[in-house]
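Here is a short walk through a protein model. Keep the structure open as you read.

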Amino acid sequence: MMVEAGIQAEAKSSSKLELIFILLIPFGGLALAAWMYFAGEFLPDGRSHKGNLLSTPLSLAEFQTSGLNTDMLDGKWGIIVVSEGECGQACRDFLYLTRQSHIALNRNSTRVSRFFISEELPQGALNQLLEAEHQELNVLTGRMPLLPYGSDESVRVFLADPLGNVMLWYGKEHSGKQILKDLEKLLKASRIG
């Protein structure tokens with residue numbers, strides 16, 4: 001009898017231990033996932049966007065221009081090239097790349113508007129270039145918005161949704177194909193614009 005009581009007590013403690021492990025597995029998984037998410041540990045390197053994602057979207061007002069607003073976007077996505085100071089070769093290259101990306105969108109190109117923002121209105125050779133090669137480009141005066149993390153580039157490209165949220169930016173390390181790929185994905189997934 002004593003032996004049977006010992007076996008029953010051992011079986012009860014064994015079943016309690018099994019129950020604890022069964023309950024700990026899902027909660028342990030949730031705790032591990034929460035730790036990975038909030039601590040930023042073991043996150044996958046893969047991502048679908050090619051540009052730099054802004055954790056907090058910028059508003060169009062941060063470009064400090066009176067002309068760029070949701071009315072001017074007119075329900076379209078926006079490609080915004082911003083230059084600090086003179087529009088040098090890097091700026092002209094970005095204007096070219098964004099024009100080519102816009103053309104490559106084919107039938108979706110009507111869903112996207114292009115903007116160029118600089119501290120002063122273009123004059124001289126730059127103005128002639130814009131009139132000759134970038135007829136559909138909206139030219140405005142304004143400033144480069146401050147980004148939450150550093151980049152000292154004087155020219156950047158930003159993507160804005162039809163509601164005026166700027167969520168991606170590109171620097172000199174990005175190509176026109178990368179801008180195009182992001183635009184195609186956004187336009188495919190978008191129900192607005």
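Start with Phe63. Its relative accessibility is 0%, so Phe63 counts as buried. The model is a predicted one. What does Phe63 pair with? Its partner is Phe158, and the ring centres lie 5.2 Å apart. The two planes stand at 85°. Planes over 60 degrees apart count as edge-to-face. That is why this pair is edge-to-face. A pair of aromatic rings is described by the distance of the centres and the angle of the planes. The structure holds one aromatic pair.

Phe63 sits in the loop between strand 1 and helix 2 (70-73). Phe158 belongs to strand 5.

Gln64 lies in the loop between strand 1 and helix 2. Its phi is near 50°, a positive value in a residue other than glycine. Most residues other than glycine have a negative phi. Is Gln64 buried or exposed? With 53% relative accessibility, Gln64 counts as exposed.

Asn106 also has a positive phi, near 55°, and is not a glycine. Look for Asn106 in the loop between helix 3 and strand 3. At 58% relative accessibility, Asn106 counts as exposed.

Step back for the overall plan. The protein has five helices and six strands. From the N terminus on, the order of elements is α-β-α-β-α-β-α-β-β-β-α. There are 193 residues in the protein, and buried residues make up 35% of them.

Next, follow strand 6, which spans residues 165-170. How many of its six residues are buried? Five are, and the strand is mostly covered. Strand 6 pairs with strand 1 (residues 52-59). The two run antiparallel and are joined by four bridges. Within this pairing, Leu58 stands opposite Val166 of strand 6.

Strand 5 (residues 155-160) is a partner of strand 6 too. Four bridges join strand 5 to strand 6, and the two run antiparallel. Here Val157 stands opposite Tyr170 in strand 6. Strand 5 and strand 6 form a hairpin with four residues between the strands. In that hairpin, Gly164 takes a positive phi near 90°.

One more contact deserves a look. The charged end of Arg156 sits over the ring of Trp169. That charged end is 5.4 Å from the centre of the ring.

Charges also meet charges. Side chains of opposite charge can pair when their charged atoms come close. How many salt bridges does a search of the whole structure find? It finds two.

Take Arg99 and Glu133. They form a salt bridge, with the closest N and O atoms 3.5 Å apart. The pair links distant parts of the chain. Arg99 is in helix 3 (residues 89-104), and Glu133 is in helix 4 (residues 124-133). The partners are 34 residues apart. Arg99 has a relative accessible area of 16%, so Arg99 is buried. The cut-off for buried is under 20%. Glu133, at 39% relative accessibility, counts as partly exposed.

Now turn to Glu119 and Arg143. This salt bridge brings the closest N and O atoms to 3.3 Å apart. Glu119 lies in the loop between strand 3 (112-118) and helix 4. Arg143 lies in the loop between strand 4 (137-141) and strand 5. The pair therefore ties together parts that are 24 residues apart in sequence. Glu119 counts as partly exposed, at 39% relative accessibility. Arg143 is partly exposed as well, with a relative accessible area of 43%.

Find helix 1 (residues 2-39), which contains Phe21.

Notes
Residues are numbered from 1 along each chain as its sequence is written. This is a predicted model: local features need pLDDT of at least 70, side-chain atom pairs count only at pLDDT 80 or more; totals for chains, interfaces and linings use all residues. Side-chain values use heavy atoms; hydrogens and water are left out. Buried means under 20% relative accessible area, exposed over 50%, partly exposed in between (1.4 Å probe, protein chains only). Two strands pair if DSSP finds at least two bridges between them. Rings of Phe, Tyr and Trp (its six-membered ring) pair if their centres lie within 6.5 Å; planes under 30 degrees apart count as stacked, over 60 as edge-to-face and the rest as tilted. A charge sits over a ring if NZ of Lys or CZ of Arg is within 6 Å of the ring centre and within 35 degrees of the ring normal. A salt bridge is a side-chain nitrogen of Lys or Arg within 4 Å of a carboxyl oxygen of Asp or Glu.
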